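Welcome! Here is a friendly walk through one protein model, from a single residue out to the whole fold and back again.

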Amino acid sequence: MRGALGKLEGISNVDIKVDVKEFSVEYDKAKVDPAKILAALEAAGEPAKKL
C-alpha cells in the first residue's frame, strides 16, 4: 500500500498496523482526492474503501 500511495503527489503519511484491516492516510486535499487514492490502491491490487 505504501508503495502505491507513495507515488501520488500530496500523500504525507500512510499508517498501517500489522493484522489490522483499517489504515489511515494523511493527504493534501489540494493535491489529491480520495477517489485517486482508492484508484491507486485498486490498481496495485489492494482494494480499499473510504470510511
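Is Asp15 buried, exposed or partly exposed? At 30% relative accessibility, Asp15 counts as partly exposed; here buried means under 20% relative accessible area, exposed over 50%, and partly exposed in between, with a 1.4 Å probe and protein chains only. Please keep in mind that this is a predicted model, in which local features need pLDDT of at least 70, side-chain atom pairs count only at pLDDT 80 or more, and totals for chains, interfaces and linings use all residues. Residues are numbered from 1 along each chain as its sequence is written, and side-chain values use heavy atoms, with hydrogens and water left out.

**The overall fold**

The protein has two helices and two strands, and along the sequence they follow the pattern α-β-β-α. Its radius of gyration is 10 Å, close to the 10 Å that the globule rule gives for 51 residues, so the protein is as compact as a globular protein of that length. That radius is taken over C-alpha atoms, and the rule is 2.2 Å times the number of residues to the power 0.38. Helices (H or I, at least four residues) and strands (E, at least two) are DSSP runs, numbered from the N terminus. Along the principal axes, the C-alpha atoms fill a box of roughly 30 × 20 × 20 Å. Buried residues make up 18% of the 51 residues.

Asp15 lies in strand β1, while Val25 is found in strand β2. Asp15 touches Phe23 and Ser24, not counting residues up to four places away in sequence; contact means heavy atoms within 4.5 Å.

Asp19 is exposed at 79% relative accessibility, and Glu22 is exposed at 54%. Asp19 also has a positive phi of about 65 degrees, although it is not a glycine.

Two C-alpha pairs show how sequence and space compare:

| Pair | Apart in sequence | C-alpha to C-alpha |
|---|---|---|
| Asp15 and Val25 | ten residues | 6.3 Å |
| Glu22 and Ala40 | 18 residues | 17 Å |

**The core**

Which residues form the largest nonpolar core? There are seven: Leu5, Ile11, Val14, Val32, Ile37, Ala40 and Leu41. Such a core is a set of buried Ala, Val, Leu, Ile, Met, Phe, Trp, Tyr and Cys residues joined through side-chain atoms within 4.5 Å. β1 (11–16) and α2 (34–43) each supply at least two residues of this core, and α2 gives the most, with three. Val32 touches Leu8, Glu9, Gly10, Ile11, Tyr27 and Ile37, not counting residues up to four places away in sequence.

**The largest pocket**

The largest pocket has a volume of about 490 Å³. Of the 19 residues that line it, the closest to its centre are Phe23, Ala48, Lys49, Lys50 and Leu51. On a 1 Å grid over the protein atoms alone, a pocket is an open set of points where a 1.4 Å probe fits, with protein on both sides within 12 Å along at least five of seven lines, and lining residues have an atom within 4 Å of a point. Grid points are joined across faces, edges and corners, and the volume is the space filled by probe spheres set on the points. β2 (23–27) and α2 each supply at least two residues of the lining.
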